[in-house]
Amino acid sequence: MSNMKVCALFRPLNSKELSEFGDAVSVQGITSESFIIKDEKEQDFDFTFDRVFYQGSEQADIYEFLALPIVQGAVDAINGTIITYGQTGAGKTYSMEGPSILDCESKNKGLLQRVVDGLFVAIMNSEKPIKYTIKLSMVEIYMEKVRDLLDLSKDNIQIKESKVHGIILSGATEVAISDCAEALQNLSSGIANRAVGETQMNMSSSRSHCLYIFTVHQELTKDKRTKFGKLILVDLAGSEKVDKTGAEGKVLEEAKTINQSLTALGKVINAMTSSTPGKLTHIPYRDSKLTRILQDALGGCSQTALLCCCSPSPYNASESLSTLRFGARAKHIKASVHVSCKEDLDNNKEATVSTNVDESRERILAKLRVRMTSEDVQLLEELFVLEGIFFDPNSVEEIEAVYEDITSRTISSLYKTVEELSTVVEKLKRENAALKASLKASEESYLHQLERRPLCLIL
Ligand SMILES: Nc1ncnc2c1ncn2[C@@H]1O[C@H](COP(=O)(O)OP(=O)(O)OP(=O)(O)O)[C@@H](O)[C@H]1O
């Protein structure tokens, strides 16, 4: 059983596609779950997802199938995440916000407006003796920094992990929202602060990954016990082929950072889906801010839904195919893997690594204490702030987190080196085989010539 609900969405053709390829489409629907898509060479690929939303689908249907169960879960204190993924201009932001967060026809409302409605309706209909409070945070990951969209002065939010709350965004603004109108006003202010730019593919392209975080707090009126459910909506920035989009300067730098973090997301999903049960697999969550924040959504006990947004036009067939392959891969993340790999990691940490890590850390710290002057320590702190790894040097928890970050990144780079070496080994093997074959052919030809040569007897 897969824990992740994965859907595909094909938006209407845009003017660029209509001018390049007319009203041709590369997608042929089979059922509400399966379809065939042609690549540029007219080769067919078939896909099956939990649901396919073809051109002309209603935003309400997407919400009901993809998001409603997660909204209900959040009100019952089950964490949930909804992610929109796809190439630039594929309809991710439209699916989240509709044409405008504050001002759009009811039928065009996006997931955000519907989630807000859904949360308040679920709370109003709850007959349990519970006092509910909903809080909203909004952050974006822009150029590998986490920025608070509800307070722009907080432009380098740190990601931390707590045993009780999981991944947390330390110090991010949380506003209490008491009704739908207040929620939409806050969402609108946050959205206005997002990094948006004009690109060849989209007049209003999101240049950041945006996270809308709703926390539903519950307090039992009888004994004041509290619980909470976190619902995160993630509007990812779009991947793009920079040679096709003609990105330059700042737009190019943004595109490279976006592509890198999406590659990191792909690697996490690959590591999760290719892990062997019972064998410890390194899942490189710490390789990017995006994967670190989504760690609970991907590897924890959260209900997660992925909407793969695609263009139906042959003009974007290869990008759509790559989005759909990502979705197909994500579908293989298993519920059992979620729990077991987390348990494996935790057990392993406790059983084997812990002593070594503690000893090594103590040894390194003792050496640093002796060698460094207080001025050095200050300089090092400044460097950490600049590099975005600011931490309180007196907190063991913080040191552990930084240490884990560095360890994890080192493991990832070792994995990369092993991959590169394997490619070299494969290449050398192929060259060796070719050389052997050519040597054998020369030997055979030489022997053949010898056989045909007339025998000369020397008397
Ligand atoms: N389902 C849809 N119906 C009508 N128009 C749509 C739909 N989806 C997308 N569009 C239009 O296509 C354009 C691009 O969509 P959108 O901004 O949502 O793309 P995106 O995937 O978020 O792109 P980026 O990654 O560059 O931010 C917008 O003008 C939007 O209005």
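A residue is classed as buried under 20% relative accessible area, as exposed over 50%, and as partly exposed in between. In this predicted model, alanine 77 has a relative accessibility of 24% and therefore counts as partly exposed. Alanine 77 is located in the loop that joins helix H2 (59-75) to strand S6 (80-86). Its phi is near 70°, a positive value in a residue other than glycine. Most residues other than glycine have a negative phi.

A positive phi, of about 50°, is also found at methionine 143, which is not a glycine. Methionine 143 lies in the loop between strand S7 (130-142) and strand S8 (145-148). With a relative accessibility of 37%, methionine 143 counts as partly exposed.

The shell around the ligand comprises 14 residues, of which Thr88, Gly89, Lys92, Ser205 and Ser206 come nearest. By class, 9 residues of this shell are polar, 3 are nonpolar and 2 are charged. Helix H3 (92-97) and strand S13 (205-206) each contribute at least two residues to the shell, and H3 gives the most, with 3 residues.

An N or O atom in the side chain of threonine 88 lies 2.5 Å from a ligand oxygen, and an N or O atom in the side chain of threonine 93 lies 2.8 Å from a ligand oxygen. At alanine 90, a backbone N or O atom is 3.0 Å from an oxygen atom of the ligand. Of the 630 Å² that the ligand exposes when taken alone, the protein buries 74%.

Conventions
Residues are numbered from 1 along each chain as its sequence is written. This is a predicted model: local features need pLDDT of at least 70, side-chain atom pairs count only at pLDDT 80 or more; totals for chains, interfaces and linings use all residues. Side-chain values use heavy atoms; hydrogens and water are left out. A residue is near a molecule or strand if one of its heavy atoms lies within 4 Å of it. A polar contact is a pair of N or O atoms within 3.5 Å; within protein, one must be able to donate a hydrogen and the other to accept it, and residues adjacent in sequence count only if both atoms are side-chain atoms. Accessible areas come from the Shrake-Rupley method with a 1.4 Å probe; for residues, only the protein chains shown count as cover. Helices (H or I, at least four residues) and strands (E, at least two) are DSSP runs, numbered from the N terminus. Ala, Val, Leu, Ile, Met, Phe, Trp, Tyr, Cys and Pro count as nonpolar, Asp, Glu, Lys and Arg as charged, and the others, Gly among them, as polar. Buried means under 20% relative accessible area, exposed over 50%, partly exposed in between (1.4 Å probe, protein chains only).
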